[in-house]
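Hello,

Here is the structure I said I would pass on. My notes on its aromatic rings follow below.

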Amino acid sequence: MPAVTVARVIALRKMTMRDLRAQWSELFENDPPVDQRRFLERRIAYRLQELAWSKHHAAELDANRARIALLVDKGKLPPRVRNGKPMPGSVLIRHFAGQDHVVTVKADGDFDYRGQSFTSLSALAKHITGTPWSGPVFFGLRSAGTKTKGGPR
């Protein structure tokens, strides 16, 4: 986050309520809905960070807007997959053998399952089931007969 934004967020604690209301009006183009300092500080801080982020990540915002338009148009979205793996931060949940199995995609592309790291969904599916599985099929990212781009599964 840019240093200017950090400084503006820090400065909120020292502003008067009058200054906070003015800052709110400038950022949200309306009057604050409540007159509570903590609420105003938090929402203004969030908005400042949001605006700073949007300036530096315009391509991601455009991609998200396109996905929203697709959702509105079609009513559903295909799963977000990058290089054959779900996006970092995604949470995959599979109910199997009477249990919910929750997997989080880590920033490095590996998969966290109950504190254990796996490099592939297939290795994880085998760990859960005890038998070889296509990980993307097991977690519902692909149908059983679907091949990935660029070669066999």
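In this predicted model, the charged end of Arg 94 sits over the ring of Phe 138, at 4.2 Å from the ring centre. Arg 94 also lies over the face of Trp 133, with 5.8 Å to that ring centre.

Both rings belong to a cluster: ring pairs link Trp 133, Phe 138, Phe 139 and Phe 96. In total, the structure holds 5 aromatic pairs. One of them joins Phe 96 and Phe 138, whose ring centres are 5.5 Å apart; their planes meet at 65°, so this pair counts as edge-to-face, the cut-off being over 60 degrees.

Where do Phe 96 and Phe 138 lie? Phe 96 is in strand 3 (residues 91–96) and Phe 138 is in helix 6 (residues 135–138), so their pair ties together parts that are 42 residues apart in sequence.

Phe 138 also forms an aromatic pair with Phe 139. The centres of these two rings are 5.0 Å apart and the planes are at 85°, which is again edge-to-face.

Phe 138 has 1% relative accessibility, so Phe 138 is buried. Phe 139 has 8% and therefore also counts as buried. Phe 96 has a relative accessible area of 23%, so Phe 96 is partly exposed.

To put Phe 138 together: this buried residue pairs with Phe 96 and with Phe 139, and has the charged end of Arg 94 over its ring.

Regards

Note on methods. Residues are numbered from 1 along each chain as its sequence is written. This is a predicted model: local features need pLDDT of at least 70, side-chain atom pairs count only at pLDDT 80 or more; totals for chains, interfaces and linings use all residues. Side-chain values use heavy atoms; hydrogens and water are left out. Rings of Phe, Tyr and Trp (its six-membered ring) pair if their centres lie within 6.5 Å; planes under 30 degrees apart count as stacked, over 60 as edge-to-face and the rest as tilted. Helices (H or I, at least four residues) and strands (E, at least two) are DSSP runs, numbered from the N terminus. Buried means under 20% relative accessible area, exposed over 50%, partly exposed in between (1.4 Å probe, protein chains only). A charge sits over a ring if NZ of Lys or CZ of Arg is within 6 Å of the ring centre and within 35 degrees of the ring normal.
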